[in-house]
Amino acid sequence: MRAKDVIFTLIITGIGMMLANFIGFDVSFIESLPGVLVLLCIALAGAGLKAIIPLKLPTVAYCSILGLLAAIPVSPISGFVIESANKINFTAPLTMVGAYAGMSISNQLKTFFRSGWRYIIIAILVMTGTFLGSALIAQLILSVMGTI
Amino acid sequence: MNNKTYAYDSLTERIKTEWIIYLLAFIFILIADKIGQIRIPVWKGTFIIFPIFFSLGLGLLTGPNVLKILDDKRVKAAGSLVSIAILPFIAKLGINAGANIMTVIEVGPALLLQEFGNLGTIFLSLPIALMLGLKRESIGACHSINRETNLALIQDMYGASSPEGQGCLAVYIVIGMVGTIYFGFMTSIVAALNWFHPYSLGMASGVGAGILMSSASATLAEIYPAMADKLSALAAASETVSGIDGIYLAIFIGLPLCNWLYRKLEPKIGRITKYGRREQE
């Protein structure tokens with residue numbers, strides 16, 4: 001995507017976020033606006049870094065790191081960033097992602113039903129195993145370190 | 001950059017093609033967030049249904065298989081919109097992690113080491129896949145959580161039409177369809193069992209799939225409201241680390257481990273059930 005396509009798509013996403021925040025949580029558009037702008041700026045900067053830096057890192061990694069850097073105590077804007085982002089409810093940015101995601105796999109429904117019960121079992125095990133494996137190791141290390 | 005080919009010649013052309021996608025998305029947000037969050041207690045867990053499930057479900061109906069509102073070109077376009085639309089959410093998680101940076105640093109070693117736990121899936125799923133009669137498909141299906149990066153990796157290494165590629169694609173599709181709802185529900189069951197500290201569950205949520213992580217961490221935030229910020233910070237940190245190391249874990253440990261286990265196990269448990277024997281030549 002060109003830069004202006006990314007900006008356009010992000011603006012649409014921002015409107016979607018404000019709509020979800022209003023419908024679901026009664027937060028007005030004006031109240032949501034600063035937080036939405038903060039999130040969109042970080043998202044755009046992340047996409048920009050991805051385009052410039054020749055590393056094989058996913059864009060989400062850049063966005064996450066930029067968000068972290070903006071909010072740690074040494075960042076001069078951390079107070080504003082945290083406060084305005086807090087106005088955006090946790091699940092508000094996700095509804096639009098879900099809509100797009102559903103549409104993007106809507107041509108695979110037939111394949112899904114054809115792939116059969118064996119792959120459904122395996123997919124469930126794959127998800128469960130990934131989660132439990134991580135939880136187990138995290139629990140062990142945290143216990144050894146005495147954090148919990 | 002100038003030699004790249006783009007899906008559209010201009011932004012205007014993009015809007016002319018995609019306006020229906022945006023319109024549908026806005027309508028689905030209206031419906032999904034109006035319904036809001038629904039909690040259904042089931043046994044020890046709670047099905048917490050977030051608006052994202054409704055919008056995803058509605059989205060599924062729009063395609064060429066059901067309502068035929070979207071054609072294949074627009075279905076593909078929606079896919080590239082997902083990867084942009086998720087970015088603000090990831091930025092929000094990053095901010096959460098930054099705001100709780102002391103918690104993240106405090107659990108740093110656990111955060112890094114639990115990444116290897118993502119390989120735990122291999123020991124659980126590969127033997128059962130073999131029992132169910134999968135052959136080389138099981139390598140692709142079981143080597144990781146099978147999201148976009150892994151799909152690209154397997155297609156690159158084995159080819160899209162190879163058995164490994166087909167196994168990977170099948171699990172990719174199933175997780176796309178049912179993953180969001182299952183992952184949140186599973187998280188609530190595991191939390192109810194009380195085996196793990198909430199911190200461990202927070203870290204385990206970051207598996208290298210944004211939508212699964214969000215489902216798990218939204219569920220955890222509901223179950224442990226007092227710790228919600230810290231838990232989503234840990235989930236975000238873990239998800240970021242997974243996003244970076246996931247592909248290397250798959251190449252250097254996951255796939256070799258799968259191949260090794262396959263050689264050991266297939267001759268034994270690959271033939272104990274009739275499914276296993278039937279598919280053997």
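**Close-up views of a two-chain predicted model**

**View 1. Overall fold of chain B.** In chain B, 70% of the contacts with a separation of 6 or more join residues 24 or more positions apart; two residues are in contact if their C-beta atoms, placed from the backbone, lie within 7 Å. This is a predicted model, in which local features need pLDDT of at least 70 and side-chain atom pairs count only at pLDDT 80 or more, while totals for chains, interfaces and linings use all residues. Residues are numbered from 1 along each chain as its sequence is written, and chains are lettered from A and ligands numbered from 1 in the order in which they are written. Chain B comprises 14 helices and two strands (DSSP runs numbered from the N terminus: helices are H or I, at least four residues; strands are E, at least two). The radius of gyration of chain B, 20 Å, is close to the 19 Å that the globule rule gives for 281 residues, so chain B is as compact as a globular protein of that length (radius taken over C-alpha atoms; rule, 2.2 Å times the number of residues to the power 0.38). Its C-alpha trace spans about 55 × 45 × 45 Å along the principal axes.

**View 2. Helix α11 of chain B.** Seven of the eight residues of α11(B) (residues 198-205) are buried, so this helix is largely enclosed by the rest of the structure. A residue is buried if 20 or more other C-beta atoms, placed from the backbone, lie within 10 Å of its own. Among the buried residues of α11(B) are B:Tyr199, B:Leu201 and B:Met203. The buried residues of this helix pack against α6 of chain A and against α6 (108-113), α10 (163-193), α12 (210-223) and α13 (228-269) of chain B.

**View 3. The contact between chains A and B.** Chain A contributes 91 residues to the contact and chain B 106 residues. On the side of chain A that touches chain B, the largest share, 30 residues, comes from α6(A). By class, this side of chain A has 61 nonpolar, 25 polar and five charged residues (nonpolar: Ala, Val, Leu, Ile, Met, Phe, Trp, Tyr, Cys and Pro; charged: Asp, Glu, Lys and Arg; polar: the others, Gly among them).

**View 4. The largest nonpolar core and A:Tyr100.** The largest nonpolar core has 134 residues, and A:Val97, A:Tyr100 and B:Val171 have the most contacts inside it (a core is a set of buried Ala, Val, Leu, Ile, Met, Phe, Trp, Tyr and Cys residues joined through C-beta atoms within 7 Å). The largest share of this core, 14 residues, comes from α10(B). Not counting residues up to four places away in sequence, A:Tyr100 touches B:Ala25, B:Gly59, B:Ala78, B:Leu81, B:Val82 and B:Ala85.

Conventions:
A residue is buried if 20 or more other C-beta atoms lie within 10 Å of its own, exposed if 12 or fewer, and partly exposed in between; C-beta atoms are placed from the backbone.
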